[in-house]
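This report looks at one helix, at its packing against a partner, and at some backbone features elsewhere in the chain.

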Amino acid sequence: MFKQNIEKTIDRNILLNPGPATTSARVKSALIVPDICPREQEFGDLLGVVKNKALQVVSADSRYKAVLIGGSGTAAIEACLSSCTNEKAVLILENGAYGERMKKICDALKIPADVIKANWGDPIDQQALKTHLEQNAQKYHVMAFIHHETTVGILNDLSSLHRLAKQYKLKTLVDAMSSYAGIEIDLSKDDVDYLVSSSNKCIQGMAGLGICIVKEQVLNEISQYPKRSFYLDLSNNYSSQEKNNQFAFTPPVQILYALNEAFDEFFEAGGTTARASRYEELYLQMKSGMLELGFECLVPEHLQAKILTAFRWPESSNFTFEEMHDYLYLKGITIYPGKNAKEKSFRISNIGELNSEDISFFLDNLKSFLQSKRH
Ligand SMILES: Cc1ncc(COP(=O)(O)O)c(C=O)c1O
(Lines give C-alpha, C1' and ligand atoms only; values in the text may rest on other atoms or scores of the structure.)
Protein backbone atom coordinates (compact mmCIF):
# COMPACT_ATOMS: atom_id res chain seq x y z
CA MET A 1 0.00 0.00 0.00
CA PHE A 2 1.20 3.51 -0.78
CA LYS A 3 0.94 6.04 2.04
CA GLN A 4 0.25 9.76 1.94
CA ASN A 5 0.85 12.11 4.83
CA ILE A 6 -1.48 15.12 5.01
CA GLU A 7 -1.14 17.79 7.67
CA LYS A 8 -2.74 21.19 7.68
CA THR A 9 -3.41 23.85 10.31
CA ILE A 10 -6.43 26.03 9.64
CA ASP A 11 -8.25 28.95 11.23
CA ARG A 12 -11.25 28.15 13.38
CA ASN A 13 -14.16 30.41 12.49
CA ILE A 14 -17.15 31.11 14.70
CA LEU A 15 -20.25 30.69 12.56
CA LEU A 16 -23.32 32.33 14.05
CA ASN A 17 -25.39 31.65 10.91
CA PRO A 18 -27.89 28.80 11.21
CA GLY A 19 -25.77 26.24 9.37
CA PRO A 20 -23.58 25.16 7.82
CA ALA A 21 -22.45 25.26 11.43
CA THR A 22 -19.00 25.36 13.00
CA THR A 23 -17.63 21.82 13.03
CA SER A 24 -15.11 20.17 15.33
CA ALA A 25 -11.55 19.34 14.29
CA ARG A 26 -12.58 15.69 14.64
CA VAL A 27 -15.33 16.02 12.02
CA LYS A 28 -13.11 18.06 9.70
CA SER A 29 -10.36 15.44 9.94
CA ALA A 30 -12.85 12.71 9.02
CA LEU A 31 -13.07 14.26 5.55
CA ILE A 32 -9.56 13.06 4.81
CA VAL A 33 -9.92 9.41 3.91
CA PRO A 34 -8.44 7.19 1.21
CA ASP A 35 -10.12 7.73 -2.15
CA ILE A 36 -12.81 5.10 -2.66
CA CYS A 37 -15.30 4.20 -5.36
CA PRO A 38 -18.78 4.55 -3.82
CA ARG A 39 -19.86 1.32 -5.51
CA GLU A 40 -17.53 -0.68 -3.23
CA GLN A 41 -19.01 -2.85 -0.50
CA GLU A 42 -16.97 -0.95 2.11
CA PHE A 43 -18.74 2.29 1.22
CA GLY A 44 -22.14 0.54 1.13
CA ASP A 45 -21.46 -0.70 4.66
CA LEU A 46 -20.73 2.87 5.78
CA LEU A 47 -24.01 4.02 4.19
CA GLY A 48 -25.89 1.39 6.22
CA VAL A 49 -24.17 2.43 9.45
CA VAL A 50 -24.88 6.13 8.89
CA LYS A 51 -28.54 5.50 8.06
CA ASN A 52 -28.97 3.54 11.31
CA LYS A 53 -27.41 6.34 13.31
CA ALA A 54 -29.67 8.86 11.56
CA LEU A 55 -32.71 6.86 12.70
CA GLN A 56 -31.43 6.55 16.26
CA VAL A 57 -31.20 10.35 16.72
CA VAL A 58 -35.00 10.62 16.64
CA SER A 59 -35.81 7.22 18.21
CA ALA A 60 -37.18 5.97 14.90
CA ASP A 61 -38.28 2.36 15.42
CA SER A 62 -38.44 -0.51 12.92
CA ARG A 63 -41.33 1.18 11.07
CA TYR A 64 -38.86 3.75 9.67
CA LYS A 65 -36.17 3.83 7.01
CA ALA A 66 -33.58 6.51 6.34
CA VAL A 67 -32.84 7.68 2.81
CA LEU A 68 -29.88 9.99 2.15
CA ILE A 69 -30.00 12.42 -0.75
CA GLY A 70 -26.89 14.03 -2.20
CA GLY A 71 -27.54 17.77 -2.17
CA SER A 72 -28.56 20.48 0.25
CA GLY A 73 -31.48 20.23 2.65
CA THR A 74 -33.80 21.64 0.00
CA ALA A 75 -33.01 18.65 -2.23
CA ALA A 76 -34.25 16.33 0.52
CA ILE A 77 -37.43 18.41 1.02
CA GLU A 78 -37.99 18.42 -2.73
CA ALA A 79 -37.45 14.64 -2.89
CA CYS A 80 -40.18 14.12 -0.28
CA LEU A 81 -42.61 16.68 -1.70
CA SER A 82 -42.15 15.48 -5.28
CA SER A 83 -42.89 11.92 -4.27
CA CYS A 84 -45.50 12.19 -1.50
CA THR A 85 -48.80 12.43 -3.32
CA ASN A 86 -50.66 10.67 -6.07
CA GLU A 87 -53.21 13.27 -7.17
CA LYS A 88 -54.48 14.91 -4.02
CA ALA A 89 -53.10 18.23 -2.81
CA VAL A 90 -50.53 19.06 -0.15
CA LEU A 91 -51.55 21.41 2.66
CA ILE A 92 -48.62 23.60 3.67
CA LEU A 93 -48.43 25.56 6.92
CA GLU A 94 -46.39 28.70 6.40
CA ASN A 95 -45.02 31.07 9.01
CA GLY A 96 -41.66 31.76 7.44
CA ALA A 97 -39.50 31.45 4.35
CA TYR A 98 -39.19 27.67 4.50
CA GLY A 99 -42.97 27.15 4.45
CA GLU A 100 -43.07 29.54 1.52
CA ARG A 101 -40.31 27.51 -0.14
CA MET A 102 -42.39 24.33 0.15
CA LYS A 103 -45.14 26.04 -1.83
CA LYS A 104 -42.62 27.17 -4.46
CA ILE A 105 -41.37 23.59 -4.79
CA CYS A 106 -44.94 22.29 -5.24
CA ASP A 107 -45.64 25.00 -7.82
CA ALA A 108 -42.47 24.15 -9.76
CA LEU A 109 -43.43 20.47 -9.75
CA LYS A 110 -47.10 21.25 -10.51
CA ILE A 111 -48.28 19.56 -7.33
CA PRO A 112 -51.56 21.04 -6.12
CA ALA A 113 -50.91 22.78 -2.81
CA ASP A 114 -52.82 25.08 -0.48
CA VAL A 115 -51.23 27.26 2.17
CA ILE A 116 -52.41 28.17 5.66
CA LYS A 117 -50.41 31.25 6.43
CA ALA A 118 -49.45 33.17 9.55
CA ASN A 119 -47.27 36.27 9.78
CA TRP A 120 -43.62 35.30 9.70
CA GLY A 121 -42.87 35.22 13.39
CA ASP A 122 -46.36 34.30 14.57
CA PRO A 123 -47.45 30.76 15.46
CA ILE A 124 -49.86 28.81 13.23
CA ASP A 125 -53.45 29.41 14.35
CA GLN A 126 -54.46 25.85 15.18
CA GLN A 127 -58.13 26.73 15.60
CA ALA A 128 -58.26 28.21 12.10
CA LEU A 129 -56.36 25.17 10.81
CA LYS A 130 -58.89 22.83 12.45
CA THR A 131 -61.79 24.73 10.90
CA HIS A 132 -60.10 24.55 7.51
CA LEU A 133 -59.48 20.81 7.86
CA GLU A 134 -63.05 20.21 9.02
CA GLN A 135 -64.28 21.52 5.66
CA ASN A 136 -61.44 20.61 3.30
CA ALA A 137 -59.43 17.65 4.62
CA GLN A 138 -60.67 15.36 1.84
CA LYS A 139 -58.78 17.51 -0.72
CA TYR A 140 -55.42 16.68 0.83
CA HIS A 141 -53.11 13.71 1.14
CA VAL A 142 -50.30 15.34 3.13
CA MET A 143 -49.89 18.17 5.62
CA ALA A 144 -46.41 19.69 5.48
CA PHE A 145 -44.89 22.09 7.97
CA ILE A 146 -41.66 23.36 9.46
CA HIS A 147 -40.60 22.34 12.97
CA HIS A 148 -38.08 25.08 13.72
CA GLU A 149 -38.83 27.94 11.30
CA THR A 150 -35.32 29.30 10.91
CA THR A 151 -36.54 32.53 9.30
CA VAL A 152 -37.12 34.05 12.73
CA GLY A 153 -36.30 31.22 15.14
CA ILE A 154 -39.85 30.19 16.02
CA LEU A 155 -40.63 26.66 17.20
CA ASN A 156 -43.81 25.19 15.75
CA ASP A 157 -45.57 22.61 17.90
CA LEU A 158 -44.71 19.36 16.13
CA SER A 159 -46.75 17.09 18.41
CA SER A 160 -50.01 18.96 18.28
CA LEU A 161 -49.82 19.77 14.54
CA HIS A 162 -49.05 16.12 13.81
CA ARG A 163 -51.95 14.96 16.02
CA LEU A 164 -54.32 17.35 14.29
CA ALA A 165 -53.30 16.10 10.83
CA LYS A 166 -53.81 12.51 11.97
CA GLN A 167 -57.35 13.31 13.16
CA TYR A 168 -58.06 14.03 9.50
CA LYS A 169 -56.09 11.01 8.26
CA LEU A 170 -53.42 13.08 6.54
CA LYS A 171 -49.81 12.09 6.13
CA THR A 172 -47.35 14.46 7.81
CA LEU A 173 -44.19 15.83 6.24
CA VAL A 174 -42.01 17.76 8.68
CA ASP A 175 -39.05 19.94 7.78
CA ALA A 176 -36.81 19.42 10.81
CA MET A 177 -33.81 20.87 9.02
CA SER A 178 -32.62 23.06 11.86
CA SER A 179 -34.10 21.14 14.81
CA TYR A 180 -32.97 17.54 14.19
CA ALA A 181 -30.29 16.68 16.80
CA GLY A 182 -30.70 20.08 18.49
CA ILE A 183 -34.28 19.80 19.76
CA GLU A 184 -35.79 16.59 21.08
CA ILE A 185 -37.86 14.73 18.45
CA ASP A 186 -39.23 11.30 19.35
CA LEU A 187 -40.73 9.44 16.41
CA SER A 188 -41.82 6.61 18.68
CA LYS A 189 -44.33 9.12 20.13
CA ASP A 190 -44.86 11.60 17.28
CA ASP A 191 -44.83 9.18 14.39
CA VAL A 192 -44.67 11.65 11.50
CA ASP A 193 -44.52 10.06 8.06
CA TYR A 194 -41.62 12.08 6.65
CA LEU A 195 -38.98 13.90 8.73
CA VAL A 196 -36.30 15.79 6.83
CA SER A 197 -32.97 17.28 7.86
CA SER A 198 -29.47 17.75 6.54
CA SER A 199 -25.88 16.95 7.42
CA ASN A 200 -24.73 20.45 8.27
CA LYS A 201 -26.98 21.90 10.96
CA CYS A 202 -27.45 20.64 14.53
CA ILE A 203 -25.83 17.30 13.74
CA GLN A 204 -22.67 19.33 13.03
CA GLY A 205 -21.44 17.51 9.94
CA MET A 206 -20.44 19.01 6.60
CA ALA A 207 -22.89 20.31 3.99
CA GLY A 208 -23.84 17.98 1.15
CA LEU A 209 -26.34 15.36 2.32
CA GLY A 210 -30.06 15.55 2.99
CA ILE A 211 -31.53 13.11 5.50
CA CYS A 212 -35.07 11.76 4.94
CA ILE A 213 -36.57 9.57 7.64
CA VAL A 214 -39.72 7.98 6.30
CA LYS A 215 -42.14 5.22 7.27
CA GLU A 216 -41.39 2.07 5.28
CA GLN A 217 -45.08 1.58 4.57
CA VAL A 218 -45.21 5.08 3.05
CA LEU A 219 -42.10 4.38 0.96
CA ASN A 220 -43.85 1.30 -0.42
CA GLU A 221 -47.05 3.23 -1.17
CA ILE A 222 -45.33 6.07 -3.00
CA SER A 223 -43.49 3.71 -5.36
CA GLN A 224 -46.78 3.64 -7.30
CA TYR A 225 -47.17 7.44 -7.48
CA PRO A 226 -46.29 9.60 -10.50
CA LYS A 227 -42.60 10.44 -10.91
CA ARG A 228 -42.11 14.20 -10.92
CA SER A 229 -38.34 14.18 -10.74
CA PHE A 230 -35.66 11.77 -11.87
CA TYR A 231 -32.78 12.52 -9.49
CA LEU A 232 -35.06 13.35 -6.56
CA ASP A 233 -37.41 10.38 -6.89
CA LEU A 234 -37.50 9.28 -3.23
CA SER A 235 -38.64 5.80 -4.11
CA ASN A 236 -35.77 5.19 -6.53
CA ASN A 237 -33.22 6.58 -4.05
CA TYR A 238 -34.70 4.36 -1.35
CA SER A 239 -34.70 1.16 -3.36
CA SER A 240 -31.15 1.72 -4.56
CA GLN A 241 -29.91 2.33 -1.02
CA GLU A 242 -31.95 -0.45 0.54
CA LYS A 243 -31.68 -3.18 -2.06
CA ASN A 244 -28.32 -2.45 -3.71
CA ASN A 245 -26.64 -0.90 -0.68
CA GLN A 246 -25.57 1.99 -2.94
CA PHE A 247 -26.53 5.57 -3.63
CA ALA A 248 -28.46 5.79 -6.90
CA PHE A 249 -26.11 8.55 -8.10
CA THR A 250 -22.59 9.66 -7.19
CA PRO A 251 -22.76 10.73 -3.53
CA PRO A 252 -20.58 13.31 -1.79
CA VAL A 253 -18.26 10.54 -0.62
CA GLN A 254 -16.17 12.34 2.00
CA ILE A 255 -19.24 14.09 3.45
CA LEU A 256 -20.61 10.68 4.42
CA TYR A 257 -17.42 9.88 6.36
CA ALA A 258 -17.65 13.23 8.14
CA LEU A 259 -21.34 12.65 8.90
CA ASN A 260 -20.53 9.27 10.40
CA GLU A 261 -17.99 10.96 12.70
CA ALA A 262 -20.47 13.73 13.53
CA PHE A 263 -23.00 11.11 14.65
CA ASP A 264 -20.39 9.40 16.85
CA GLU A 265 -19.40 12.74 18.37
CA PHE A 266 -23.09 13.51 18.97
CA PHE A 267 -23.88 10.20 20.71
CA GLU A 268 -20.68 10.25 22.78
CA ALA A 269 -21.54 13.76 24.03
CA GLY A 270 -24.96 12.57 25.26
CA GLY A 271 -27.27 12.86 22.22
CA THR A 272 -30.01 15.43 21.73
CA THR A 273 -30.59 16.07 25.45
CA ALA A 274 -26.98 17.14 25.99
CA ARG A 275 -26.79 19.07 22.73
CA ALA A 276 -30.04 20.92 23.38
CA SER A 277 -28.86 21.91 26.84
CA ARG A 278 -25.48 23.15 25.51
CA TYR A 279 -27.32 25.16 22.84
CA GLU A 280 -29.69 26.57 25.44
CA GLU A 281 -26.80 27.76 27.61
CA LEU A 282 -25.20 29.45 24.61
CA TYR A 283 -28.54 30.99 23.67
CA LEU A 284 -29.09 32.41 27.16
CA GLN A 285 -25.56 33.83 27.29
CA MET A 286 -25.85 35.32 23.80
CA LYS A 287 -29.34 36.74 24.36
CA SER A 288 -28.54 38.38 27.67
CA GLY A 289 -25.38 39.93 26.17
CA MET A 290 -27.36 41.23 23.20
CA LEU A 291 -30.06 42.73 25.43
CA GLU A 292 -27.34 44.41 27.49
CA LEU A 293 -25.97 45.93 24.29
CA GLY A 294 -29.41 47.38 23.62
CA PHE A 295 -30.80 44.92 21.02
CA GLU A 296 -34.37 43.59 21.18
CA CYS A 297 -35.70 40.12 20.27
CA LEU A 298 -38.27 39.88 17.49
CA VAL A 299 -39.97 36.75 18.78
CA PRO A 300 -41.44 36.45 22.30
CA GLU A 301 -39.55 34.15 24.66
CA HIS A 302 -42.21 31.40 24.77
CA LEU A 303 -41.98 30.86 20.99
CA GLN A 304 -38.16 30.86 20.79
CA ALA A 305 -36.56 27.61 19.66
CA LYS A 306 -33.27 28.71 21.28
CA ILE A 307 -31.38 27.74 18.14
CA LEU A 308 -31.52 31.04 16.31
CA THR A 309 -32.60 34.46 17.52
CA ALA A 310 -33.87 37.27 15.32
CA PHE A 311 -33.14 40.76 16.64
CA ARG A 312 -34.91 43.95 15.55
CA TRP A 313 -32.63 46.09 13.45
CA PRO A 314 -31.93 49.25 15.55
CA GLU A 315 -33.49 51.85 13.24
CA SER A 316 -31.72 54.71 15.02
CA SER A 317 -28.28 53.24 14.29
CA ASN A 318 -25.67 55.12 12.26
CA PHE A 319 -24.33 51.92 10.64
CA THR A 320 -25.54 49.21 8.29
CA PHE A 321 -25.82 45.48 8.83
CA GLU A 322 -23.05 45.01 6.25
CA GLU A 323 -20.67 47.22 8.25
CA MET A 324 -21.40 45.28 11.42
CA HIS A 325 -21.03 41.97 9.55
CA ASP A 326 -17.74 42.97 7.91
CA TYR A 327 -16.21 44.17 11.19
CA LEU A 328 -17.01 40.85 12.86
CA TYR A 329 -16.08 38.78 9.82
CA LEU A 330 -12.52 40.10 9.98
CA LYS A 331 -12.34 38.69 13.53
CA GLY A 332 -13.49 35.26 12.32
CA ILE A 333 -17.13 35.68 13.37
CA THR A 334 -20.03 35.31 10.91
CA ILE A 335 -23.44 36.82 11.67
CA TYR A 336 -26.53 36.49 9.50
CA PRO A 337 -28.90 38.99 7.86
CA GLY A 338 -32.67 38.94 8.44
CA LYS A 339 -35.04 37.26 6.01
CA ASN A 340 -38.21 39.26 5.23
CA ALA A 341 -39.61 38.89 8.72
CA LYS A 342 -42.49 41.15 9.77
CA GLU A 343 -39.88 43.74 10.81
CA LYS A 344 -36.35 44.50 9.67
CA SER A 345 -34.05 42.20 11.60
CA PHE A 346 -30.78 40.31 11.73
CA ARG A 347 -30.08 36.87 13.13
CA ILE A 348 -27.66 35.18 15.47
CA SER A 349 -27.60 31.41 15.70
CA ASN A 350 -25.98 29.37 18.46
CA ILE A 351 -25.67 25.93 16.86
CA GLY A 352 -22.46 24.13 15.98
CA GLU A 353 -19.32 23.26 17.87
CA LEU A 354 -19.33 26.50 19.87
CA ASN A 355 -18.57 27.19 23.50
CA SER A 356 -19.13 29.95 25.99
CA GLU A 357 -15.77 31.63 25.17
CA ASP A 358 -16.88 31.91 21.54
CA ILE A 359 -20.04 33.74 22.59
CA SER A 360 -18.05 36.05 24.91
CA PHE A 361 -15.59 36.74 22.08
CA PHE A 362 -18.50 37.62 19.78
CA LEU A 363 -20.17 39.90 22.36
CA ASP A 364 -16.87 41.68 23.17
CA ASN A 365 -16.22 42.33 19.51
CA LEU A 366 -19.75 43.51 18.88
CA LYS A 367 -19.39 45.89 21.82
CA SER A 368 -16.15 47.26 20.36
CA PHE A 369 -17.88 47.77 17.02
CA LEU A 370 -20.78 49.64 18.67
CA GLN A 371 -18.33 51.79 20.66
CA SER A 372 -16.39 52.64 17.50
CA LYS A 373 -19.64 53.96 16.02
CA ARG A 374 -20.39 56.22 19.00
CA HIS A 375 -17.50 58.61 18.21
C1 LIG B 1 -36.07 25.06 8.23
C2 LIG B 1 -35.21 24.99 7.00
N3 LIG B 1 -35.67 24.33 5.93
C4 LIG B 1 -34.96 24.25 4.81
C5 LIG B 1 -33.72 24.83 4.70
C6 LIG B 1 -32.96 24.72 3.43
O7 LIG B 1 -31.80 23.98 3.59
P8 LIG B 1 -30.60 24.15 2.55
O9 LIG B 1 -30.17 25.57 2.61
O10 LIG B 1 -29.58 23.18 3.05
O11 LIG B 1 -31.12 23.79 1.20
C12 LIG B 1 -33.20 25.54 5.78
C13 LIG B 1 -31.90 26.21 5.69
O14 LIG B 1 -31.49 26.97 6.55
C15 LIG B 1 -33.96 25.61 6.95
O16 LIG B 1 -33.50 26.28 8.03
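## Crossing of helix 2 and helix 9

A crossing is called left-handed if the near helix is turned anticlockwise from the far one by less than a right angle, and right-handed if clockwise. In this predicted model, the crossing of helix 2 and helix 9 is left-handed. The contact draws on residues of helix 2 that include Phe43, Leu46, Leu47 and Val50, and on residues of helix 9 that include Leu256, Tyr257, Asn260 and Phe263. Sorted by class, this contact comprises 14 nonpolar, two polar and three charged residues.

The two axes come within 10 Å and cross at roughly 40°, and helix 2 and helix 9 are therefore oblique to each other.

## Helix 9 and its surroundings

Helix 9 spans residues 253-268 and reaches 24 Å from its first C-alpha to its last, close to the 22 Å expected for its 16 residues. Its buried residues include Val253, Ile255, Ala258, Ala262 and Phe266, and what covers the buried residues of helix 9 includes helix 1, helix 2, strand 2, strand 10 and helix 10. After helix 9 comes Gly270, with a positive phi near 110°.

## Backbone features in loops

Most residues other than glycine have a negative phi, and most peptide bonds are trans. Gly19 and Pro20 are joined by a cis peptide bond with omega about -5°, and Pro20 belongs to the loop between strand 1 and helix 1.

Ser59, in the loop between helix 2 and strand 2, has a positive phi of about 50° and, at 38% relative accessibility, counts as partly exposed. Lys110, in the loop between helix 4 and strand 4, has a positive phi of about 60° and counts as exposed at 71% relative accessibility.

Methods:
Residues are numbered from 1 along each chain as its sequence is written. This is a predicted model: local features need pLDDT of at least 70, side-chain atom pairs count only at pLDDT 80 or more; totals for chains, interfaces and linings use all residues. Side-chain values use heavy atoms; hydrogens and water are left out. Helices (H or I, at least four residues) and strands (E, at least two) are DSSP runs, numbered from the N terminus. The expected span of a helix is 1.5 Å times one less than its number of residues. Buried means under 20% relative accessible area, exposed over 50%, partly exposed in between (1.4 Å probe, protein chains only). Contact means heavy atoms within 4.5 Å. Axes are lines fitted to C-alpha atoms, for helices over the stretch in contact, and angles run from 0 to 180 degrees between N-to-C directions. Angles under 35 degrees count as roughly parallel, over 145 as roughly antiparallel, 65 to 115 as roughly perpendicular and the rest as oblique. Ala, Val, Leu, Ile, Met, Phe, Trp, Tyr, Cys and Pro count as nonpolar, Asp, Glu, Lys and Arg as charged, and the others, Gly among them, as polar.
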